[in-house]
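Please open the structure in a viewer and follow the stops below in order. Each stop names what to select and then what is found there.

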Amino acid sequence: MIRIAVASGKGGTGKTFVATNIFNTLVKRNIKCLLIDCDAEAPNSVAFFNAELSGRHEVTQQVPVIDTDKCTYCGRCREYCVYNAIFILLSVRMIKVIEDLCHGCGACTVACRDGAITEKASSLGSVFPFTRNGDLQIIEARMDAGVMSPVKVIKSAIGQISNHYDIVILDAPPGTSCPFIQTVAAADYTILVTEPTPFGLSDLRQSAGTLRIMNKQFGAIINRAGTGNREVYQYLENEKIPLLLEIPFKKEIAEAYSVGRLVSDSDPFFAEQLAGLAENIIEKYGNSNHQR
Ligand code: SF4
Ligand code: SF4
């Protein structure tokens with residue numbers, strides 16, 4: 001099995017377009033493939049497929065509950081909390097857990113010597129499995145509104161991967177912060193989707209820099225090729241980052257995407273390019289050890 005993440009430094013570069021079309025191409029070639037939408041803040045990969053929702057797995061974390069009858073207002077829990085999620089106002093003997101800031105680490109529970117802290121489960125989001133023709137093919141990570149970080153929801157979605165699949169495609173969240181890192185850390189190879197503009201180049205630099213620090217293998221796809229300038233090409237060459245594919249800027253592609261159609265269904269040449277790209281990655285980077 002190989003896990004391939006499709007990522008981009010910023011939203012709107014065509015990451016989901018690439019991920020869904022690679023997945024579609026591979027499934028049509030009878031390869032056992034799983035698509036995980038890790039863009040938990042705004043997942044939409046499943047919209048391109050006729051898929052059936054087949055369950056829901058709620059992702060929770062334990063947050064502290066403080067019994068003010070037992071609390072002595074000693075302040076130890078607040079000292080232990082590196083996320084500043086405990087607020088104490090001694091003058092009026094007030095103590096509050098700011099659940100939005102809590103990371104569920106449990107340090108405050110350990111800190112309290114007066115038995116004033118218990119814990120309760122707090123919802124972070126859900127993982128939704130979708131089947132196609134009775135086979136689990138798509139998993140969607142979706143965080144709850146107002147939750148600070150989707151990382152645990154993404155981790156839970158990635159944790160659903162079984163050995164049943166030959167290829168897992170991870171549609172990564174945009175950016176280079178923790179959700180991106182959580183996703184690409186689980187991948188054997190990352191495809192960075194960019195565009196030939198100064199914004200595309202700036203974000204590509206950040207993504208590539210992060211992947212290099214993580215010691216991860218990656219290459220780039222340039223979407224909307226033919227627009228912008230050549231600086232992205234120069235950067236890839238200077239940095240010796242493989243250019244995997246150029247996707248031309250075409251009205252037909254934008255039109256198909258805007259109505260939820262997969263270009264790989266109507267353009268056999270494009271499907272062939274994606275299949276070849278996946279084949280090359282599998283040949284070079286398959287059977288790596290997976291980090292979780
Ligand atoms: S569980 Fe951790 S993050 Fe949450 S309030 Fe306690 S110490 Fe802070
Ligand atoms: S450590 Fe326990 S007793 Fe001390 S302030 Fe926190 S909850 Fe209250």
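Two residues are in contact if their C-beta atoms, placed from the backbone, lie within 7 Å. This is a predicted model, in which local features need pLDDT of at least 70 and side-chain atom pairs count only at pLDDT 80 or more, while totals for chains, interfaces and linings use all residues. Residues are numbered from 1 along each chain as its sequence is written, and chains are lettered from A and ligands numbered from 1 in the order in which they are written.

Select Val 153 first. Not counting residues up to four places away in sequence, Val 153 touches Ala 40, Val 59, Leu 124, Gly 125, Val 127, Ala 141, Arg 142 and Met 143.

Next, select helix H4, residues 151-158 (helices, H or I, of at least four residues and strands, E, of at least two are DSSP runs, numbered from the N terminus). Seven of the eight residues of H4 are buried (20 or more other C-beta atoms within 10 Å of a residue's own, with C-beta atoms placed from the backbone). Among them are Lys 152 and Ser 156. The buried residues of H4 pack against strands E2 (33-37), E4, E7 (117-132) and E8 (135-143), and against helix H5 (178-185).

Now select the largest nonpolar core, which has 63 residues (a core is a set of buried Ala, Val, Leu, Ile, Met, Phe, Trp, Tyr and Cys residues joined through C-beta atoms within 7 Å). Val 153 and Ala 157 are among the residues with the most contacts inside this core. Helix H1 (residues 15-28) gives the largest share, six residues. A second, separate core of ten residues includes Cys 81, Val 97, Cys 112 and Ile 117.

Definitions and conventions
Buried ≥ 20, exposed ≤ 12 C-beta atoms within 10 Å, placed from the backbone.
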